[in-house]
Amino acid sequence: MRLPKPLRNPSFVIGAAITLFIVGCAVLAPYVAPYGVEQMDMRNRFAGPSLEHLLGTDNFGRDLWSRMVFGARISLIIAVVSVGGAALIGTVVGLVSGYFGGWVDLVLGRITDIFLGFPAIILALAIVAVLGPGIMNVSLALIVVFWTEYARVVRGAALVLREQNYVQAARALGASPLRIIFREILPNALGPIIVLASLGLGTAIISESALSFLGFGLPPPAPTWGWTLSYGTRFMRDEPWLAIVSGAAIMITVLGFNLLGDGLRDLLDPRQLSRGGGERRND
Amino acid sequence: MSEAPLLQVEGLTVHFPIRKGVLQRQVGTVRAVDGIDFTLKRGETLSLVGESGCGKSTTGLALMGLVKATGGTVTFAGERIAGLRGAALRSFRRRVQIVFQDPFSSLNPRQRVRDIIRAPLDIHGVGTPKERRKRVAQLMERVGLRPDQADNFPHQFSGGQRQRIGIARALALEPEIIICDEPVSALDVSVQAQILNLLADLQRDLGVSYLFISHDLGVVEHISRRVAVMYLGKIVEIADRDALFASPTHPYTELLMKSAPSLDPRQRRIFSASSDFVPSATRKPAGCPFHPRCPLATEKCTTVDPALTSRDDGRLVACHHR
């Protein structure tokens, strides 16, 4: 991918820095976290930030920084799996729908509408309620909720791209629909998909937190951010620290992904891609 | 004249329905191509000329099967195209290719030139990967590009170079006919000449036939052997190039010639149509499609559509009066 001057784009730089930090923490969690996730210290409950406990401790005296770091793992795995799955399904449905048109488009469009008809969080709740909690089940629920967005965007892009002369040229050569869809159309639709996916990571983290907050995420003692926020609100009046830290973790991560997405959107602008980008030679 | 034509088109029509409202009720028809006949011989260039919207590009697309023809027959080397499926269709695709007008949108911006020119070879499984590589280099050289530019992307080339890439892609399968859909009208005049000369060279060396679609009479006079003039989806005159330019017979051909800009300023004049009514493919007049603008129009022209008939000098004209 050509990224003309990505370092000059502040959204991209800040977003990438935050994302790198969070991903780094998650990957290196055992080395970054000074305490065990479930290591309690009842004499030290609700301790404020100190050198010993960077972000303080929770109602069981567990180190919050360590729990946030391990929580990042859960959030990121669910975000990546659900966004990846949703993007994959939505892209294929959108490409097929947009390229073939006609009754194929009609059928796939109605199916998409059915999924869109449900309020997102209710649908996710219902799926988790049926399947039971667990990282994969939560991811699956989010895939079912989010794939429609990719389908709609990619369908729109495919509708435009299939009229391009190079697609006509491929048809004139006798290329199969599969080849046209994946060789000619998909590479040109990647820009919006990448932007949507990076923004979608933030949405997925919020949704996962919302499910955990409502008690439909991973059950305790899993250190999910949403559940920490949820029970943190119980002590809000006397010990607001718990809710603030977990809320901030969610907020900063989502902000990072959104800035990254915004930056990518500017950098991958189709107008910059189609004509400019490189030097032109003359005849 | 005794040689059997490579391509024979009889009564080709392309009609598009105009649909409106929730129920998609058909409220009219665009008669883009409305029954045309012509033949194309091996190694010759037939030009299709006419004003914008007369159906010349649609004719090309219909021949390629990119737009569905609604009627008529197209015979290529003795085989009817309309019924082609599977293997026969694939072989037809190999033998008839197209070069598009816009050198920017006709090349995939995400593919390297190497892959663009290779695509036809990949699709039809021609040769081994090594042979395809060699063929790409050879094709690039043939159309006047440096083979070491094969790994560049289309945006790194100028319009003329991009059109050469398009021509190389069309040549890859050694087709017998190349449909050139306004191949030079998007280019600068100096580059136009280079591309036209390239097309002429290729024809001389490879014996390929061109169906050359253009609205530019200067270009058409330069490249064609025969010229077919289209008006509102009909061919109104087909003649050898010299005969057509020397003595246009159909009143529309005459008007077209007169309205072409001249290099001599003293020859310049403003040509006005004899009527304000400009017919279109959606509201086509009865009888001869040209009669509302024709200076020779009589009662008969408003009711009877003249057929394309042969004249003494071998040309075909569709007019009651000439």
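What follows is a short chat about a predicted model with chains A and B.

Reader: Experimental or predicted, what am I looking at?
Author: This is a predicted model.

Reader: Start with chain A. How many helices and strands?
Author: Chain A has 11 helices and 0 strands. Along the sequence the pattern reads α-α-α-α-α-α-α-α-α-α-α.

Reader: What are the spans of chain A along its principal axes?
Author: The C-alpha trace of chain A spans about 75 × 50 × 30 Å.

Reader: And what percentage of chain A is buried?
Author: Of the 283 residues in chain A, 44% are buried.

Reader: What about contacts between residues 24 or more positions apart in chain A?
Author: They make up 69% of the chain A contacts with a separation of 6 or more.

Reader: Which residues of H9(A) are buried?
Author: Trp225(A), Gly226(A), Trp227(A), Thr228(A), Leu229(A), Ser230(A) and Gly232(A).

Reader: What covers them?
Author: The cover includes three helices of chain A: H3 (64-100), H8 (177-213) and H10 (241-267).

Reader: New topic, the interface. How many residues of chain A are in contact with chain B?
Author: 25 residues of chain A contact 26 residues of chain B. On the chain A side, the elements giving two or more residues are H7 (165-172), H8 and H11 (270-274).

Reader: Which one gives the most?
Author: H7(A), with 7 residues.

Reader: What is the class make-up of that side of chain A?
Author: The side of chain A that touches chain B has 8 nonpolar, 9 polar and 8 charged residues.

Reader: Now the largest nonpolar core. How many residues, and which have the most contacts inside it?
Author: The largest nonpolar core has 162 residues. Ile185(A), Leu211(B) and Val229(B) have the most contacts inside it. H3(A) supplies the largest share of this core, 17 residues.

Reader: What does Val229(B) touch, leaving out residues up to four places away in sequence?
Author: On that count, Val229(B) touches Val49(B), Gly50(B), Ile235(B), Val236(B), Glu237(B), His250(B), Tyr252(B), Thr253(B) and Leu256(B).

Reader: On to the strands of chain B. What is the order in the open sheet of 8 strands?
Author: The order is S6-S7-S8-S3-S9-S10-S12-S11 in chain B, with mixed pairing.

Reader: Which are the edge strands?
Author: S6 (96-99) and S11 (309-310) of chain B. Each pairs on one side only.

Reader: Take S7(B) and S8(B). Parallel or antiparallel?
Author: Parallel. S7 (residues 177-181) and S8 (residues 209-214) of chain B are joined by 5 bridges. Ile178(B) stands opposite Tyr210(B) in S8(B).

Reader: And S1(B) with S2(B), parallel or antiparallel?
Author: Antiparallel, over 12 bridges. S1(B) holds residues 7-20 and S2(B) holds residues 25-40. Ile18(B) has Gly28(B) in S2(B) as its bridge partner.

Reader: How many residues lie between the strands of that hairpin?
Author: There are 4 residues between S1(B) and S2(B). In this hairpin Gly21(B) takes a positive phi near 80 degrees.

Reader: How many bridges join S1(B) to S4(B)?
Author: 5 bridges, with the strands running antiparallel. S4(B) covers residues 71-76. In S4(B), Thr73(B) stands opposite Glu10(B).

Terms used: Residues numbered from 1 in each chain as written. Chains lettered and ligands numbered in written order. Predicted model: local features only at pLDDT ≥ 70, side-chain atom pairs only at ≥ 80, totals over all residues. Pairing = 2+ DSSP bridges. Buried ≥ 20, exposed ≤ 12 C-beta atoms within 10 Å, placed from the backbone. Contact = placed C-beta atoms within 7 Å. Nonpolar A, V, L, I, M, F, W, Y, C, P; charged D, E, K, R; others polar. Core = buried A, V, L, I, M, F, W, Y, C linked by C-beta atoms within 7 Å.
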